[in-house]
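The points should be read alongside the sequence and the structure.

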Amino acid sequence: MLAAAVALAFDMTSVLALMYPGRERVEIVASNGETYVYACKSGSDGVSPQVQAEKAQAAFEENVEKFAEVFVGKMMQDVSAGEPTLGTALAMNRRTSSWAWSITNHLEKTYGCALLG
């Protein structure tokens, strides 16, 4: 079982390398201690992929914090208003997907980084 998981990880690395040619794999430790992995290219001004990843992570953390505040606020508002739980869950799922797409595009366009995990 472990061998299959390791083989899959190597396969995914190869696939990701094909999707992001010329990029460097960079690990960043977030402010909460979790490690995030980015595929980054150098900045247009020659800034290293490491620095680009650090900037991308800072932007990600700021953005996810704001999103979480809005998410929780909306959830509490719906609960207080007696909104059906399923409707709230579906709406929040759509908002989360939309936010994820938006932040992914922002990190790519602004920092030349793709958040891999």
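1. Cysteine 40 and cysteine 113 are both buried. The model is a predicted one, and the two residues form a disulfide in it, with 2.1 Å between their sulfur atoms.

2. The link between cysteine 40 and cysteine 113 is right-handed, with 120° about the S-S bond. Cysteine 40 belongs to strand β2 and cysteine 113 to strand β3 (residues 113-115), so the pair ties together parts that lie 73 residues apart in sequence. A disulfide is a covalent bond between the sulfur atoms of two cysteines.

3. The largest nonpolar core has 16 residues, and those touching the most other members are Tyr38, Ala53, Ala56, Phe60, Leu107, Tyr111 and Cys113. Two or more residues come from each of β1 (24-29), β2 (35-40), α2 (49-80) and α3 (85-111). The most come from α2, which gives five.

4. Apart from its neighbours within four places in sequence, phenylalanine 60 is in contact with Tyr36, Tyr38, Trp99, Ile103, Leu107 and Leu115. Phe60 also forms one aromatic cluster with Tyr36, Phe67 and Trp99.

5. Three aromatic pairs are present in the structure. Among them, phenylalanine 67 and tryptophan 99 are stacked, at 5.0 Å centre to centre and with 20° between the planes. Phenylalanine 67 lies in helix α2 and tryptophan 99 in helix α3, so this pair ties together parts 32 residues apart in sequence.

6. Is phenylalanine 67 buried or exposed? Its relative accessible area is 18%, so phenylalanine 67 is buried, the cut-off being under 20%. Tryptophan 99 is buried as well, with a relative accessible area of 17%.

Conventions. Residues are numbered from 1 along each chain as its sequence is written. This is a predicted model: local features need pLDDT of at least 70, side-chain atom pairs count only at pLDDT 80 or more; totals for chains, interfaces and linings use all residues. Side-chain values use heavy atoms; hydrogens and water are left out. A nonpolar core is a set of buried Ala, Val, Leu, Ile, Met, Phe, Trp, Tyr and Cys residues joined through side-chain atoms within 4.5 Å. Buried means under 20% relative accessible area, exposed over 50%, partly exposed in between (1.4 Å probe, protein chains only). Helices (H or I, at least four residues) and strands (E, at least two) are DSSP runs, numbered from the N terminus. Contact means heavy atoms within 4.5 Å. A disulfide is a pair of cysteine sulfur atoms within 2.5 Å. Rings of Phe, Tyr and Trp (its six-membered ring) pair if their centres lie within 6.5 Å; planes under 30 degrees apart count as stacked, over 60 as edge-to-face and the rest as tilted.
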